[in-house]
Amino acid sequence: MSNHRELGLQTWKDQRIRVLKRDNYTCAYCGLDANQVDHIIPRSAGGTHDLDNLVACCKPCNTRKGSKNEGVFLGSQSTDRKSTRLNS
């Protein structure tokens with residue numbers, strides 16, 4: 001399991017920008033403006049830095065999600081907050 005340091009700072013920055021652009025700077029969890037990237041499967045659960053495991057997210061959602069997996073996080077949200085994540 002590699003961390004950002006092992007991936008390389010510039011490589012991580014490039015990957016982060018790719019994800020934000022791919023997701024139109026829109027939070028996958030609430031639909032607001034995104035400026036962060038989240039691991040769908042958390043790093044602590046073996047998630048990777050691969051594009052298919054990363055989504056754009058806003059800081060509040062990223063903070064609330066923490067190291068929960070996406071399903072647990074979305075299941076814990078109130079019914080008025082829906083995921084806008086698109087399967088690409």
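Student: In this predicted model, which residue stands opposite Ala56 in β2?

Tutor: Ala56 in β2 has Val37 opposite, and the pairing around them joins strand β1, residues 36-39, to β2 in the antiparallel sense over 4 bridges.

Student: How should I read the two faces of a strand, and are the residues of β2 that point to each side buried or exposed?

Tutor: In a regular strand the side chains alternate between the two faces of the sheet. In β2, Leu54 and Ala56 lie on one side and Val55 and Cys57 on the other, and all of them are buried, which leaves both faces covered.

Student: Which residues touch the most other members of the largest nonpolar core?

Tutor: In soluble globular proteins, nonpolar side chains tend to be buried together. Here the largest nonpolar core has 16 residues, and Cys27, Tyr29, Val37 and Cys61 touch the most other members. At least two residues of this core come from α2 (9-22), and at least two from β2 (54-57), with β2 supplying the largest share, 4 residues.

Student: How many salt bridges are there, and what links Lys65 with Asp38?

Tutor: The count comes to 2 salt bridges. One of them joins Lys65 and Asp38, whose closest N and O atoms are 3.0 Å apart; this pair links distant parts of the chain, since Lys65 belongs to helix α3 (residues 59-65) and Asp38 to strand β1, 27 residues apart. Both Lys65 and Asp38 are buried.

Student: Which side chain meets that of Arg22 in a salt bridge?

Tutor: The side chain of Asp23 meets that of Arg22, at 2.8 Å from N to O. Arg22 is partly exposed, with a relative accessible area of 33%, whereas Asp23, at 17% relative accessibility, counts as buried.

How values were computed:
Residues are numbered from 1 along each chain as its sequence is written. This is a predicted model: local features need pLDDT of at least 70, side-chain atom pairs count only at pLDDT 80 or more; totals for chains, interfaces and linings use all residues. Side-chain values use heavy atoms; hydrogens and water are left out. A nonpolar core is a set of buried Ala, Val, Leu, Ile, Met, Phe, Trp, Tyr and Cys residues joined through side-chain atoms within 4.5 Å. Buried means under 20% relative accessible area, exposed over 50%, partly exposed in between (1.4 Å probe, protein chains only). Two strands pair if DSSP finds at least two bridges between them. A salt bridge is a side-chain nitrogen of Lys or Arg within 4 Å of a carboxyl oxygen of Asp or Glu.
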